[in-house]
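Here is a short report on a protein assembly and its ligands. Keep the sequence and the 3D view open while you read.

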Amino acid sequence: MTETFYEVMRRQGITRRSFIKFCSLTAASLGLAPSFVPRIAHAMESKPRTPVIWLHGLECTCCSESFIRSAHPLAKDVVLSMLSLDYDDTLMAAAGHQAEAIIAEIKQKYKGNYILAVEGNPPLNEDGMFCIHGGRPFVEVLKETAADAKAVIAWGACASWGCVQAAKPNPTRATPIDKVISGKPIIKVPGCPPIAEVMTGVVTYMLTFDKIPELDRQGRPKMFYGQRIHDKCYRRPHFDAGQFVEAWDDEAARKGYCLYKMGCKGPTTYNACSTTRWNGGVSFPIQSGHGCIGCSEDGFWDKGSFYDRVTGINSFGVEANADQVGAAAAGVVGAAVVAHAAVSAIKRGRMDQTNGNK
Amino acid sequence: MAYETQGFKLDNSGKRVVVDPVCRIEGHLRVEVNLDSSNTIRNAVSTGTMWRGLEVILKGRDPRDAWAFTERICGVCTGTHALTSVRAVEDALDIKIPENANTIRNLMQLNLYVHDHLVHFYHLHALDWVDVVSALKADPKKTSELAQSISNWPLSSPGYFRDLQNRLKKFVESGQLGPFMNGYWGNPAYKLPPEANLMAVAHYLEALDFQKEIVKVHTIFGGKNPHPNWLVGGVPCAINLDGTGAVGAINMERLNLVKSIIDRTMEFVEQVYIPDLLAIASFYKGWLYGGGLSSKNVLSYGDIPDKANDYSAANLLLPRGAIINGDLGKVHAVDLKDPEQIQEFVTHSWYKYADESKGLHPFDGVTEPNFVLGPKTKGSKTNIQELDESGKYSWIKAPRWRGHAMEVGCLSRMLLGYVQPKQYPFIRDTIDAVLKKLDVPVTALFSTLGRTAARGIETLYCAKLQLEQFDKLMANLKAGDLNTANVDKWEPSTWPKTAQGAGFTEAPRGALGHWVRIKDTKIDNYQCVVPTTWNGSPRDHKGQIGAFEASLMNTPLAKADQPLEILRTLHSFDPCLACSTH
Amino acid sequence: MLSAQDMQEAAAHGRTVKAIYVYEAPVRLWHWVNAVAITVLAISGYFIGSPLPSMPGEASEHFIMGYIRFAHFAAGYILLVGFLGRIYWAFVGNHHARQLFKLPLSNRKWWSEVLFELRWYLFLEPDPKKYVGHNPLAQLSMFFMVTLTMVFMICTGFALYGEGAQAGSWSHVLFSSWVIPLFGQSQDVHTWHHLGMWVMVLFVMMHVYAAVREDIMSRQSMVSTMLSGWRLFKDDRP
Ligand code: HEM
Ligand code: HEM
Ligand code: NFV
Ligand code: SF4
Ligand code: SF4
Ligand code: F3S
Ligand SMILES: [Mg+2]
């Protein structure tokens, strides 16, 4: 099981020649002289696997569940051959003291050289005791573990944005991890959960190229989160043509028309679903007839019903969508205008009378 | 302090052992036990150590959205909360779903059982029985003989096992043990010979590869897994078999894909999971601890309605009912809406009720956090050394059925099926066959091993039901019915001013119920009582312990500082803490 | 009120103070182009939010959403270009051209006239005052409901446009890259952009009514001023 990077690549059918080519590309992309190629090749052939500590805060574990569904590379290969998943509550053999000892050991032995992956987030209310780890607030364990990490991966909407437990009124004050970890590069891989191959794609990119992928302003890898579902949705021709599903299971639904009117959030959601698709490319939400609910977007739980196209505004204490607010205001103003015009006309009539009498 | 409850003598005078975190489960769980001088557990305290407040968050929202929120209660039993939620809302609004929608939901639910159980057995539970390091000592040839003697699964040659063993060797020698680091290897409680260990390690890896195939049924009907999409009134995927645009819907190609997945799933269950289970169990027949409440009180709501919209016990392919006080001769009827039956208590839970000596039926349920520690807690509020179980000590509420703490889950379901052989002959026959094969009496079921075996048996049953439900779907399509959704009451303007409903499923881990009250088209109250809420329940107002706690009682530990037996028994329930507290 | 400068300007054009040249041609042109653009934007925008009933037949035979969105974006560009031109004219045009952008907030007299105008509209003043440019209340509402709202609509509109134009496009660089994160996510930008439409609609309702009413009831010309540029006064009182 313990294979070096090189062996894994070989097993996956990559030849020695392309391995060396890969190493020189790596050198080039890192801005290194060609003389570094043999060194990189050597490192790839022999270097220890990067240790990963995978912590869980408030979450539903479906990011882990998604991860193990990765088809290329297989989760098995990632976990056992490409990196060293030394701590992960969900999979590890040890528990209790024996588990806690691992974090301490990795922190010390690989100071500054391990990756911290976080699934879920820390609650801050009740001194953090809405999520307890070893008798202590999870947020403390998180901060301590992050302190010596090389980089931090924020898995899913939970770690990236807060997700469902942070939906209003966020009773536990669940907080995205970048609000409590500072001074470390944080790679956000949002989604509820993220696509398996996107997760392993980000990890293998980091291990292969030994660098952090290019991130957008919100901290997401551009390679997977640079475009909206809508930009690459295969139902887009129906959108442009104005062909919409008007009700569930109507004729249009059976023909696979656009789900915009059923509340599809594809036009506002940055994720790779419409191209990479799910579970080895079998389908994705829209392909199976339900609109995108925007699960990779910040605060997607609080944007009104998933079935509303024009979504609600809660800021005013009343729940209404923009059209309801606007139409109500227009009604008031319209009525006011009519009334005002009537009064003006009466007044003018009187004035004309007075003027006429003069 | 010592007292007796439910036939267990609790005594917390001995050495206290704390396990936190309990790993290889979903979510955050802590247990504390007291050991007597012979290292036998005499007191057990189980604590849910997380809370997110979904019930609070759901208030005021659109009931049609609730499935998505509750689905995020858990990604491991993904979908079951969503299904429970749409059933609750449909019950409240009296919405009838099309036959196809019911069958597709059944297919997805059955698919979840098979996937969840398989992953549990190999990836969350196996390491309690299988010593990975011992596999290094195995003879690959003998391993191959063992494998071929129990199954005709093709991957079983000596070369295959030798190759795997070599990789395992290098892995161990690298010093980077990954998830196997600090495991309890070499603990005398491990009983398998090296060959069985090597075979199990091979299947641990094969199952990891295969499980991702199983869930594709969810992907086809629900768009993704984890967390597929659902719909109040039916299912979101439309069916189109031969019209224009059929490629945009469930069509023949999609149906063929489903069929091929469920066929291969059956193969894996029959040829790998079940033989492994029997092989491993045969070495542990003597270790029959961990029965806990299973021989006394078990509960199941039942699931897989064969015909649409009929949720009566007679129409359910997974059994419904309650057994209390160990009387297997009487199956009690279960009614989710009867205020006397299901009630939740919070005397020892970190919540507040106006009167905590009483329980609340979920329709009137209240969820208000209240984190206070008992006076004898050791440590501080943010650094707990030992909890005080005489005070509040868990984020899990304490649900009771007619006042009884109940065990829910595979074992409960299989027992309820076993005692109703007329309705569930397959369950009866399979259990009898397994008992015979292992040469153990029926009472052996009331144990950790019994729970693990019941899960395997249920997996086989569900894999079979999956094939049957698929045929049913095809027959209905053949009859010309393509409907998948009923939209008569889709618009909130068609709803009554107030409504209430209850939805249930059997989640992989047991009886799951959601109760919803709707007022002015918005959720007024939403309550979930979840399998692990039942099993992980803390003490109640009468001091009755929950199923986890009961199951740990009187178990001897081979090594006091290695919680292997504790893990083994807890894992046999497949605890899900995100579910339990939600 | 008439300033000395107004008088001089009128005299320079050989007119008495009965008529003053207020809105120079570029302002008038902008006004009407802008009015058309906003009308197109509001209608097309509404149908982007709530599309028309589905079209039958082949997808490739239709492009209705495409055309509606095209109309919206084209009008959006015109709005932007017009607005930039209007800002330019605020620098080089007459002092009325600056009224949209500069509120004399520290001028007490101006505030008292805002109050006076309010009283006039509430029928509490018998006689309106004379204004060469915008009356102060109109100026105030135009500043908030047109100038600021238009900036808002342009920023949010082009931020949304940049999403489709993709990273690297000018609209993405200039707008999407900061507007979207500022609001949280794209859906919020849609919602606020949509609300902005209603602010505009409200303005237009009040504005058109006020323009017509003032034409009739005030002591000066209105609608024709926006056509010819000349403000005609109906009486000689100050
Ligand atoms: C007075 C000015 C404008 C009005 C009243 C207006 C109105 C609207 C409305 C009502 C929507 C629908 C929003 C929704 O519910 O999602 C919309 C969408 C949009 N507007 Fe505007 N808009 C204005 C200016 C602009 C400008 C200047 C641009 C820049 C090009 C622009 C670009 C867009 C885009 C890109 C969308 C989204 C289209 C889509 O999602 O397909 N808008 N607008
Ligand atoms: C979308 C529609 C419209 C918008 C956004 C709009 C906006 C504006 C703005 C910004 C000004 C100030 C011009 C400046 O100082 O540069 C203005 C002035 C004016 N508009 Fe409009 N307008 C619209 C439609 C109309 C219509 C339909 C009429 C005629 C019925 C009209 C009549 C006037 C008049 C008379 C003035 C001059 C007011 C004064 O002298 O104080 N507008 N409008
Ligand atoms: N307990 C529990 Fe679940 C299950 N099965 C749900 O209802 O796991 Ni997350
Ligand atoms: S992001 Fe969503 S899917 Fe992932 S753990 Fe959180 S709730 Fe679950
Ligand atoms: S289905 Fe959704 S993502 Fe696809 S084209 Fe329609 S609106 Fe866009
Ligand atoms: S709901 Fe999520 S899975 Fe993809 S299509 Fe939408 S981002
Ligand atoms: Mg509950």
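A polar contact is a pair of N or O atoms within 3.5 Å. That cut-off applies to the ligand contacts below, and the model they come from is predicted.

**Ligand 3**

Take T532(B). One of its polar side-chain atoms lies 2.7 Å from a nitrogen atom of ligand 3. The pair is within 3.5 Å, so it counts as a polar contact. In chain B, α3 (80-93) and α13 (531-535) are the elements that give two or more residues to the shell around ligand 3.

R509(B) uses its backbone instead: an N or O atom there lies 2.8 Å from a nitrogen atom of ligand 3. H81(B) faces an oxygen atom of the ligand, with a polar side-chain atom 3.1 Å away.

Which residues come nearest to ligand 3? Of the 13 residues around the ligand, they are C74(B), C77(B), T532(B), C576(B) and C579(B). By residue class, the shell divides into nine nonpolar, three polar and one charged.

**Ligand 1**

Ligand 1 lies between chains A and C. It is surrounded by 22 residues. The closest are R309(A), H72(C), H190(C), H193(C) and H194(C).

| Residue | Atom of the residue | Atom of ligand 1 | Distance |
|---|---|---|---|
| R69(C) | polar side-chain atom | oxygen | 2.6 Å |
| H190(C) | polar side-chain atom | oxygen | 2.6 Å |
| H194(C) | polar side-chain atom | oxygen | 2.5 Å |

Four helices of chain C give two or more residues each to this shell: α2 (25-49), α3 (64-92), α5 (136-165) and α7 (186-217). The largest share, six residues, comes from α2(C). The shell around ligand 1 holds 12 nonpolar, eight polar and two charged residues.

Where does ligand 1 sit relative to the domains of chain C? Domain 1 (41-93) and domain 2 (101-238) both give residues to the shell, so the ligand lies between them.

**Chain B as a whole**

Chain B has 16 helices and 17 strands. Its C-alpha trace spans about 65 × 60 × 45 Å along the principal axes. The radius of gyration is 24 Å. A compact globule of 582 residues would have a value near 25 Å, so chain B agrees with that expectation.

Buried residues make up 69% of the 582 residues in the chain.

**How the chains meet**

Two pairs of chains are in contact, and chains A and B share the most contacts. No contact joins chain B and chain C. The closest C-alpha atoms of those two chains lie 10 Å apart.

**A residue in chain A**

P237(A) lies in helix α11, residues 236-241 of chain A. Is P237(A) buried, partly exposed or exposed? Its relative accessibility is 44%, so it counts as partly exposed.

Notes. Residues are numbered from 1 along each chain as its sequence is written. Chains are lettered from A and ligands numbered from 1 in the order in which they are written. This is a predicted model: local features need pLDDT of at least 70, side-chain atom pairs count only at pLDDT 80 or more; totals for chains, interfaces and linings use all residues. Side-chain values use heavy atoms; hydrogens and water are left out. A residue is near a molecule or strand if one of its heavy atoms lies within 4 Å of it. A polar contact is a pair of N or O atoms within 3.5 Å; within protein, one must be able to donate a hydrogen and the other to accept it, and residues adjacent in sequence count only if both atoms are side-chain atoms. Ala, Val, Leu, Ile, Met, Phe, Trp, Tyr, Cys and Pro count as nonpolar, Asp, Glu, Lys and Arg as charged, and the others, Gly among them, as polar. Domain bounds come from an automatic or database domain assignment. The radius of gyration is taken over C-alpha atoms; the globule rule is 2.2 Å times the number of residues to the power 0.38. Buried means under 20% relative accessible area, exposed over 50%, partly exposed in between (1.4 Å probe, protein chains only). Contact means heavy atoms within 4.5 Å.
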